[in-house]
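Good morning, and thank you for coming.

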Amino acid sequence: MSVTEKDLERILEAYPAKVKRNRKKHILIKDSSQEPQEIEANTRTIPGIITNRGCAYAGCKGVVLGPLKDIVHITHGPVGCGYYSWLTRRNKAKTPPDGKNYLAYCVTTDMQEKDIVFGGEKKLAQVIDEVVEIFKPNAITISATCPVGLIGDDIQAVAKAAQEKHGIPVMGFNCEGYRGVSQSAGHHIANNGLLEWVVGKGEMTAAPAKYSINILGEYNIGGDSWEIHRILEEIGYHVIAVASGDGSYEDLKNAHVADLNLVQCHRSINYIAEMLEIKYGTPWLKVNFIGVEATCQSLRDMAQYFGDEELIKKTEEVIAKELARIEPILEQYRKICKGKTAFCFVGGSRGHHYQKLFEDLGIETVLAGYEFAHRDDYEGRQVIPHIKVDADSKNIPELHVEPDPKFFKLRISPEKAEELKKKIPLSYYAGMNVDMKDGHVIIDDMNHFETEEFIRILKPDIFASGIKDKYIPHKMGIPSKQLHNYDYSGPYAGFNGAVKFAQDVTAMFTNPAWNFIAPPWKGKPLLEGQLQK
Amino acid sequence: MLDFTPKEIKERASGGLINPAKTCQPIGAMYAALGIHRCLPHSHGSQGCCAYHRSHLTRHFRDPILASTSSFTEGASVFGGGANLKTAIKNVFAIYNPDVMAIHTTCLTETIGDDIPAFLNQAEIPEGKIVIHANTPSYVGSHITGFSNMTRGMVNYLSEATTETKKEQVNIIPGFVNPGDMREIKRLVKAMGINFIMFPDTSGVVDSPMTGKFEMFPKGGTTVEELKDTGNSKLTIALGSFASTDAAIALERKCKVPAKTLKTPIGVKATDEFLMTLRNTFVTEIPYELEEERGQLVDIMVDTHHQFHGKKVAIFGDPDIVIGLTELVLGLGMVPVHVLTGTPGSSFEKEVRAMLLESGLKGNVKAAGDLFEFHQWIKNEPVDLIIGNTYGKYIARAEDIPLVRVGFPILDRSVHSYMPIVGYKGAMRLVEMISNALLDRQDRDAADEDFELVM
């Protein structure tokens, strides 16, 4: 089943005129004959619309910084923001031998009315002193919330003074919630800080092992990162740092020595990948470890990058071994999943990545989109130069990096890079739209009203999204899968992840409880009788 | 787990929190607003607040939590949120068609000083539709304060005294409790045969049934007509001084409905008091049905007292709930040695201390505390049991102490929001939960030769 322009028009008709004009540009029906199809993205959410989007603080502290385990993250603001971003993203982290893992701690300045009136800088400085005394962390981050920017607290000055006083990095992030139009602004702010203050601060001057890599934009939800590590390490890769799932300041500061950066979530971290290339000469490769096919492809692309026969051989061996192990299991689940349809509307890159995993199981994604993507996430990186920079994006400071005099090292020659770019997504991401089929819906910042309408038209068998909209399809009797936090399951990455996902999704389809929705007496007459002959 | 929490307690002079035991006002306001029939809560501020509040409430209730936002960007923060709010009002009514839109502010809009009533005067509100608001600065109080402020907003905007004499009906403000508790309170009042209006009432909204159909505005919630009629009632009973008193007092001032604040009816004493107040005000007998329940509860407590007597317990959570729980465990012969709430308010400390004193006990009691300090207390004086919300599980694991999950939020277990902790039935459930936690622990730790069939 697909959506026609007429259906779309009917949905949009329900909106006030201004909303209709706006939303129309955010929804596409895929039509390959008209390529390239342009979509509007990363623009303001319309006030009053029930959106799934969050804010800059959520992107900065909540997504990118929060998982770094040996850092104490201080939220400067009233209690709420720190509280809601405390352990709620399921970023798993193993405690290292030195024992520094602060993820179970939530530190907030808990600003009170008097701090709003008289300023909160002094309180923040005091909280930093206490944090250093109690926790002795390797570094501290400060994330600013809405009122901090408004009252003009200079968190950068406080951070600088604290850094001098305590002799550890203290980093201030101006990620006030109102910056930008979504959490995406916060990713950008966080990444800028990590590049400026963390990467390159380590002692290492050269990669410590053959095939040294970083994984960027992987947050170790439900242990994804560990499954990716397992596979990569078996092939012979050495993972230096992960930004930022199960990541640490200690690892990340040496990220500059890697020979390749993998980019998993393009949205949250493409900036840092690009800047790392300019500053240290490390190329980046777009990978996707969600889905069996996607994982194999990513592993093959990586092997091609290094171009080492031994590595290519080992890669194929591991792939063959893993496939032989998991394919028979997946085949069982495919019998149940095959022919079903899905909606895949998730944050930054998952709306694309998970389509591959659905595809592995024979499930077709008929509607997909992102909460907070930019046009390049849909249309591919080639549109980046053509994206209009609006006032909201201009408010996010751009970092301009140059080759690092000490650490810059060209990993591959420009000629070799050009040659590779023809074969693998080196420094490139083609975006989600190329993988969508004609007639299927691509939708940016899908809101509650559209969710209901599209479900009614397309009647998907499974709805993949986040916690805020999870229970809406549920009430309609449609299984709904959280792909922000996996419904407390996982990992879903790599080979073992695909099996786990197949199990979970199949359980959703086959659980007997769905059959109880309609009471047996509904539609049955109250009185039953027979005509007397 | 929590390895960096030292045993030695040093005063932290900053006033910052480590592992807060409270959250911010707007989520409480959002929850209260959901207790109005066909109401869409609206968060006036940046998107993130609304997203966080919806997520957290959804995780606790496992039901759709719908709310809209003014979606501020930097421009609105500089020039004020009037334009955003007016656009939001227009869109909300055009697209979602609620009967009521309940606006609460955030720390952003409070800091820039947005004047909501002024904006509402300029806004186009469709005929027959209602917009109410509450100021809920996140830098004052807690989520309980937010609940209280939105509940008072309902009175300010809607309550009317229209009858010559007050009606034989009671207003009941249940406080920040689960829909299961609200249903139980309603059952008690119905059993007494007394007409009542409960507000807010989230039952039927955040515990709506699975029907195969999605209803944006489910059957539950206090209707606007009922909210108006609260001004005609003979009495308002505010259950829980922190969450409910302000609205009751506002109603007394506005419509001359006498206000009476009682404890959240957790345990025998508080439930007795609630029923006695109803009995005396409306001159009606407490039915045998409830007396029987009470007798069963006391029977259970006596039968099992040996499991509880002298056991040390640490309790944290929202003030009205913690006060009720403290009274309940005292009634079981337990010793509450650490009692803490994150919500500020000296009356909490006074009330809990008085209860402890009455039982000849002294303990650590604190309002506006955090779980870091609570954990330190436990390190210094270990307990047999912790009662509190999900966040307590980290301390429970670190110190190897059983945890009974009560309060808000519970993010890692289900069904809790359907099951009452109030009334005699609710107390039975609490006694069962506490008993099971302690006995499961005893079984787990028992040596083979001490492992017993009958306990």
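Predicted model: local features only at pLDDT ≥ 70, side-chain atom pairs only at ≥ 80, totals over all residues.

Residues are numbered from 1 along each chain as its sequence is written, chains are lettered from A and ligands numbered from 1 in the order in which they are written, and side-chain values use heavy atoms, with hydrogens and water left out.

Let us begin with chain A. Six of its strands form an open sheet of mixed pairing, in the order E1-E12-E11-E10-E13-E14. Helices (H or I, at least four residues) and strands (E, at least two) are DSSP runs, numbered from the N terminus, and two strands pair if DSSP finds at least two bridges between them. Strand E1 (27–29) and strand E14 (480–482) of chain A each have a single partner strand, so one side of each is left without a neighbour in the sheet. Inside this sheet, strands E10 (residues 341–346) and E11 (residues 364–370) of chain A run parallel and are joined by six bridges. Val346(A), for instance, has Tyr370(A) in E11(A) as its bridge partner.

Strands E2 (residues 71–76) and E4 (residues 139–144) of chain A run parallel, with six bridges between them. Here Ile71(A) has Ala139(A) in E4(A) as its bridge partner.

We turn now to chain B. Helix H8 (residues 179–191) and helix H12 (residues 288–303) of chain B pack at about 130°, with their axes 9 Å apart. Axes are lines fitted to C-alpha atoms, for helices over the stretch in contact, and angles run from 0 to 180 degrees between N-to-C directions. H8(B) is therefore oblique to H12(B); angles under 35 degrees count as roughly parallel, over 145 as roughly antiparallel, 65 to 115 as roughly perpendicular and the rest as oblique. The contact (heavy atoms within 4.5 Å) is made by Arg187(B), Leu188(B) and Ala191(B) of H8(B) with Glu289(B), Leu290(B) and Glu293(B) of H12(B).

Finally, the end C-alpha atoms of residues 24–438 of chain B lie 33 Å apart, and this span is 48% helix and 15% strand.
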